Amino acid sequence: MMVFSGGFVIVVIVMLSLIGKCINGENGEEYEGVGGGAPMVKMEQEALYSAIQGFVGEWWNGSDLYPDPCGWTPIQGVSCDVFDGLWYVTELNIGSIDDNSLACAPRVEFRPHLFRLNHLKSLAFFSCFVAPVPIPSGNWGAFSGSLESLEFRSNHGLIGNIPPDFGRLQKLQSLVLIENGLLGGLPDDIGNLTRLKRLVLSGNGFAGEIGDSYGHLSELLILDLSRNSLCGSLPLTFGGLTSLLKLDLSENQLEGKIPSEIGNLKNLTLMDLSKNKISGG
């Protein structure tokens, strides 16, 4: 017969209580335990599985294939980091990047679960969209406090306009939309992204004039709007892009003279205005 002192019983009860908090959380949240490492909030894990499934197809069963996506069963194209002792997804790459990358289904969907990954810092899609699909609008503000890099490369089925709420991504440093099927004008809201260092929108079907707000991106190092159907003259505000290293506006329908304000760009090492109707200043 084993006899326990009252103090020992109290210690056991306290330890069990702490274990319960580690598994279920102080506010009733459920965590998925990771052997010997940090746990992952179950809601975060389920959002990741559903978001990926929307792009790669219903056949993909993340919970069976990758029960520990931030630990011992990592998903190709997914990176995580620990915040307050818990795993969260910080990088998601979808599409044909490497041989073992997550290839997209013929028909894809942006599920709402994608926008629940609110610690995401980098999001990229490579050769993913074949059948016509627009970039959804109205949800991108969910990433306003985290997203630093957003890329859509070689997605010929990606159609429609740039969502205006891209302008809410206040931490964004890199926006790359190359070789897609995007159309419409360049939204002025992009000028709100004052932390941008790289803005590449080449190889789409963008039309209309370049707004003055694009000259307010004072931290910009690379601006590439080439191979579109942009028209009008160069904004005088471009003189404010004093950090700029590369300016490529080639293969558009721009016209007029090069504004004298371009002379303010002392750090510029490459400027390509070819295949337009622009004359010297």
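Is E58 buried or exposed? E58 is exposed, at 58% relative accessibility, where exposed means over 50% relative accessible area, buried means under 20% and partly exposed lies in between (1.4 Å probe, protein chains only).

## About the model

This is a predicted model, in which local features need pLDDT of at least 70, side-chain atom pairs count only at pLDDT 80 or more, and totals for chains, interfaces and linings use all residues. Residues are numbered from 1 along each chain as its sequence is written, and side-chain values use heavy atoms, leaving out hydrogens and water.

## R111 and its two partners

Let's start with salt bridges, each a side-chain nitrogen of Lys or Arg within 4 Å of a carboxyl oxygen of Asp or Glu. The count comes to seven by this rule. In one of them, R111 pairs with E58, with the closest N and O atoms 2.7 Å apart. R111 sits in the loop between β4 (86-95) and β5 (122-126) and E58 in the loop between α2 (42-56) and α3 (62-65), so this contact ties together parts 53 residues apart in sequence. Helices (H or I, at least four residues) and strands (E, at least two) are DSSP runs, numbered from the N terminus.

R111 is buried, at 11% relative accessibility. R111 also forms a salt bridge with E109, at 3.1 Å from N to O, and E109 is partly exposed at 39%.

R227 and E179 meet in a salt bridge at 2.4 Å, N to O. This pair links distant parts of the chain, 48 residues apart: R227 is in the loop between β13 (222-224) and β14 (229-232), and E179 in the loop between β9 (174-178) and β10 (183-184). R227 is partly exposed at 31%, and E179 is partly exposed at 27%.
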